[in-house]
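This briefing is intended for reading alongside the sequence and the coordinates.

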Amino acid sequence: MGYSSLSELRPLRLDSVAAIGGLLLALAMLPLQLFVSQVYLDTVPFVLAIACGLYLVALYQQDRETTMPRLPTSVSMALPSVVLVGLGGLIVLTSLQGERTPVFFGLAGVLATLILVQILFTSSRDFNQRLLLAQIVLFALVFRFTALYATPGYIGIDIWTHMGFVDSIHAQESLSAISHDKHYASPFYHLLVVASSLLLDVPLRLALYLSVGIVMPLSVLLVYATTNLLVSARWAVLATALFAFAGHVANWGMHLIPTSLGLVFFLGVLYALIRVMRIEYTIRDFSLLLLSSIAVILTHQVSTFIMLVLLLAAFVAQVVFVVGPFGLTRLDTSVFRAKKPVNLIGLVVFNFGMTIFVWSLTPYREQSFLATVLSYFTQTLEESAGFLNIASGGSSGAEAGAEAAAPTLLEQLVPYIDVLGFLFLLGATFVGCLYVVHRRRAEQSVFTLLLAAAIMLVFVLVLPMFGIRNFIPTRWFAFLYAPMAILGAIGLRTFARNLSPGIVVTCLVLFALIYPGAMFLAAESNTENPVFSEQHEQLAYSEAELAAVDSIGELTGSPDGDNIRPDQQLHTDHPYQTVFSRTGAYPSTTTATVPDGGSADHDYVVYRTEQSTDATYFGTADGPGRIEQVSQDRLCSPDQATVYTNGEVTMCTPSPAS
């Protein structure tokens, strides 16, 4: 392995300077671990250092011709059949076991690895992007729909509220049914589900799965279309796989709420935006961009804000290449682009204006949505914002529980397993960002992706460290994965072209082996039946638990929340308490408070066996709540009366004798 001599190094080249700067930044971030323990502070500096170090190695190797090992033709032809049979096995396994188990996720990880191996190591002669895309889409469909099939109700928390809205619109045949809610001004999701039910003549739940449920896996093809505008088909397919396998993306394919549909339209905006920057676009292309952005605004507020960040990044990229503050268009006339930067000022102004107008008319907590959001943000800045004020964002229940007792090795490892897939993709993204800042490769489209990913990372990683979580950072990850997947594919392409074969094969094989499995083991991919059931709450319910919600609603008459006294409030674990309130079975419901080592002191409580066997969240008398396993006698005291039980769920109330 040869390297350029020091006299041949070009330290003023933007990509090399950025890589050296990344190493220094990673070194500067290390002392922060002494002040606070946080999974990203513990890991991101090392990921950044490794990415920048490998990029510098690739940058200054003299041997630029890397011959990648390729799979034999017989193996390349056999692997698609193996994947197809394996997908059938996933379906059979779920049917036999009645749920997605760790065995399911292990097999899914193997199949996803085989898909990545085909993408990375198939020869040019045997490479078939259509066949690979078909495998990715089929995998996404099977991975998501097996979860939907095995779950009696819905997966997630917010879905119960939204399907209640859908049911009201369907029953009243009018949007006025939700005129009191913020989604009144962004009703596209709810109208789509109602329309699908009417057109297909199916129940609302099935209509949701046949509309939004099917669209979500198919939308990954927009990532392929976007990436293929920048790089060859092999790396565009890789970006598609990276996005489709991502945990948060899979989550919104199972927890089907407006965020899911907002993500689909966001991908449409991203594709149309990169398209108008890369080709001599027509009015049809720009119309697609405009209509996609309007669809996001009419679907979901958080998705709208994320889209505005993307458009702002595109506008900043335009300014960079028009004004040229970094000299990207002036340093070397031989690389001046024939296509001028696209003027996006009109599009940005229109979308910001329409968003402000719609949000000003959106009802939200007795004010407009815009006024309420600004009020909350101002309050956060005044009361809880501060450097490394992570606790103000509410540490996870697992972390809070870990403070009460010495954590086991598994409890210490689970937070890192949850983010391992993200860290692998983040490292590839760092390399892709370094590659595109070279002035000979820089252009508006890739700078838009770079700036969008950077700004979004600030919202999901940096602001929460200052106690600012108003922007709901967990909702951003799936959107962030789109530019990250594209830049990550470019980064891996850089390694494949410039690093020596031994290092390349090691990097790519490790990525193919670890990335899919890590994403599938992360909590977001298995919320309906967590792999680590003692550390993560289950966001789905059994038939007995759902039947108990209906029965308790009938037993109590589903009283209006205003007619329930504070002492009559129903207490149970989180997330089970959300089902009672969001379905209207018992509107005044909250999380039970269970002192450490003690018993709850509530008049009306609901116990379920899940509380004694797996992770459920309870409040504490002081400080944050925690994830804990609670026996029935700690929630329902002996002097309380049992007014309902079905073997899995029990409701306890004050005894008439007492």
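**Structural briefing**

The protein exposes about 27,400 Å², and carbon and sulfur atoms supply 62% of that area. The model is a predicted one. Its secondary structure comprises 25 helices and 9 strands. The radius of gyration is 26 Å, close to the 26 Å that the globule rule gives for 658 residues, so the protein is as compact as a globular protein of that length.

**Overall dimensions and packing**

- The C-alpha trace of the protein spans about 90 × 50 × 50 Å along its principal axes.
- Of the 658 residues in the protein, 56% are buried.
- Among contacts in the protein with a separation of 6 or more, 76% are between residues 24 or more positions apart.

**Charged side chains**

- The protein carries 31 positive and 45 negative side chains.
- The centres of these two sets of side chains lie 22 Å apart.

**Aromatic pairs**

- The count of aromatic pairs in the protein comes to 29.
- One of the aromatic pairs is formed by phenylalanine 139 and phenylalanine 520, with 5.5 Å from centre to centre and 25° between the planes. This pair is classed as stacked, because planes under 30 degrees apart count as such.
- The pair links distant parts of the chain: phenylalanine 139 belongs to helix H5 (residues 129-150) and phenylalanine 520 to helix H21 (residues 501-521), and the two are 381 residues apart.
- Phenylalanine 139 counts as buried because its relative accessibility is 2%, and the cut-off for buried is under 20%.
- Phenylalanine 520, with a relative accessibility of 1%, likewise counts as buried.
- Both phenylalanines belong to a cluster linked by ring pairs, which consists of Phe104, Phe105, Phe139, Phe143, Phe245 and Phe520.

**Asparagine 251**

- Asparagine 251 is located in helix H11, which covers residues 247-252.
- Is asparagine 251 buried or exposed? At 10% relative accessibility, asparagine 251 counts as buried.
- Which residues does asparagine 251 touch, not counting those up to four places away in sequence? Asparagine 251 is in contact with Glu524 and Thr527.

Notes. Residues are numbered from 1 along each chain as its sequence is written. This is a predicted model: local features need pLDDT of at least 70, side-chain atom pairs count only at pLDDT 80 or more; totals for chains, interfaces and linings use all residues. Side-chain values use heavy atoms; hydrogens and water are left out. Helices (H or I, at least four residues) and strands (E, at least two) are DSSP runs, numbered from the N terminus. The radius of gyration is taken over C-alpha atoms; the globule rule is 2.2 Å times the number of residues to the power 0.38. Buried means under 20% relative accessible area, exposed over 50%, partly exposed in between (1.4 Å probe, protein chains only). Contact means heavy atoms within 4.5 Å. Accessible areas come from the Shrake-Rupley method with a 1.4 Å probe; for residues, only the protein chains shown count as cover. Lys and Arg count as positive and Asp and Glu as negative; His and the chain ends are not counted. The place of a charge is taken as NZ of Lys, CZ of Arg, CG of Asp or CD of Glu. Rings of Phe, Tyr and Trp (its six-membered ring) pair if their centres lie within 6.5 Å; planes under 30 degrees apart count as stacked, over 60 as edge-to-face and the rest as tilted.
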